[in-house]
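Welcome, and thanks for opening the viewer.

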Amino acid sequence: SLLNTARIGVSRTDASDSLDTVALKPVATDLSLGFVPGLPAGTITASGLTGTAGGMGASGADIYHYTSFQGGDDVSWIKGRNAIKIGGTVERLRDNLHSVAIPLGEFDFNSISEFLRGIPGQYTADIPGTNDIRALRDTYLGLYFHDEIAVRRNLKVTVGVRYEYLSPLTEAFGRVAVLANLTDAKPRLGGNYLNATKKNFAPRVGVAWDPTGSGKTSVRAGYGIYDALSLPYLMVNRTNGAPFFESGTVTSDQAVIPFSTAANALIGPTSLRASYVEQNPHRAYNQQWHLTIQ
């Protein structure tokens with residue numbers, strides 16, 4: 001009537017995409033064609049044309065090393081009409097990522113005519129030597145209580161509640177730069193990317209009923225709330241901001257953009273990219289319910 005299950009584990013994932021490894025043609029490594037001095041050619045796009053992806057490394061590789069340390073305990077107890085389950089789990093998340101944006105630069109042309117005349121409408125590039133490696137750290141806690149009650153021989157009612165908490169997301173080496181408010185002149189440096197809510201109480205209820213008692217008909221209904229937590233993967237595109245990561249965009253409305261390596265010099269402090277992250281996000285959750293008759 002009493003069963004305890006304890007578990008512990010480690011999960012490791014290594015993944016990458018858009019990783020350039022071999023140049024099929026020598027032109028892909030020709031440094032004389034680069035937009036950024038000392039690097040191969042970057043990306044070119046033009047309205048009405050397919051464009052080019054650029055030389056070796058222009059794809060902007062994403063390299064991820066994700067490790068999860070997990071531990072948990074569950075207790076099942078049958079007592080009279082009640083089948084009680086109670087337990088919890090804790091998980092330490094280590095999300096190490098290397099996610100570049102536009103390392104070799106990108107010229108965007110508004111029309112074919114402007115492309116043929118070498119008049120870009122926009123230039124975007126990462127500043128050479130910028131740091132795009134992040135080591136995100138987070139801890140997850142989940143607790144639950146579940147009771148299946150045999151009200152009658154042909155009627156069971158299930159009630160339960162789950163509580164989940166995710167600690168404030170940090171970076172192992174303090175490389176946090178976020179705009180706490182959209183109107184801030186400068187990003188906030190250090191500390192947490194965001195503060196986690198502590199209101200994640202999620203009730204669940206269910207009913208299983210055999211109306212005739214013959215075992216030929218089953219009516220089931222249930223309702224539950226399921227929290228959607230701000231896990232580290234949601235932050236991948238929000239961790240790269242000045243001054244730790246410097247990538248900027250300049251448009252033809254701001255300056256005359258030369259179609260040459262001189263365009264990189266136009267990326268100044270006012271064109272650097274920054275990331276806004278809601279500092280105290282509201283609780284996010286799904287509500288699910290069902291009714292089935294068999």
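Begin by selecting E164: this residue is buried, with a relative accessible area of 12%. Here buried means under 20% relative accessible area, exposed means over 50%, and partly exposed lies in between, using a 1.4 Å probe and protein chains only. Before moving on, note that this is a predicted model, where local features need pLDDT of at least 70 and side-chain atom pairs count only at pLDDT 80 or more, while totals for chains, interfaces and linings use all residues. Residues are numbered from 1 along each chain as its sequence is written, and side-chain values use heavy atoms, with hydrogens and water left out.

E164 forms a salt bridge with R162, and their closest N and O atoms are 3.2 Å apart. A salt bridge is a side-chain nitrogen of Lys or Arg within 4 Å of a carboxyl oxygen of Asp or Glu. How many salt bridges does this rule give? The count is six.

Next, select D227 and R283. Their side chains meet in a salt bridge with an N to O distance of 2.7 Å. This pair links distant parts of the chain, 56 residues apart: D227 sits in strand β13 (residues 219-227), and R283 in the loop between β14 (247-251) and β15 (285-293). Strands (E, at least two residues) and helices (H or I, at least four) are DSSP runs, numbered from the N terminus. Is D227 buried or exposed? D227 is buried at 15% relative accessible area, whereas R283 is partly exposed at 26%.

For another stop, pick K156 and E148. A salt bridge joins their side chains, 3.6 Å from N to O. K156 is partly exposed, with a relative accessible area of 38%, and E148 is partly exposed too, at 30%.

Finally, zoom out and color by secondary structure. The protein chain has one helix and 15 strands. Along the principal axes, its C-alpha atoms fill a box of roughly 85 × 40 × 40 Å. The radius of gyration of the protein chain is 27 Å, while a compact globule of 294 residues would have one near 19 Å. That radius is taken over C-alpha atoms, and the globule rule is 2.2 Å times the number of residues to the power 0.38. Of the 294 residues, 34% count as buried.
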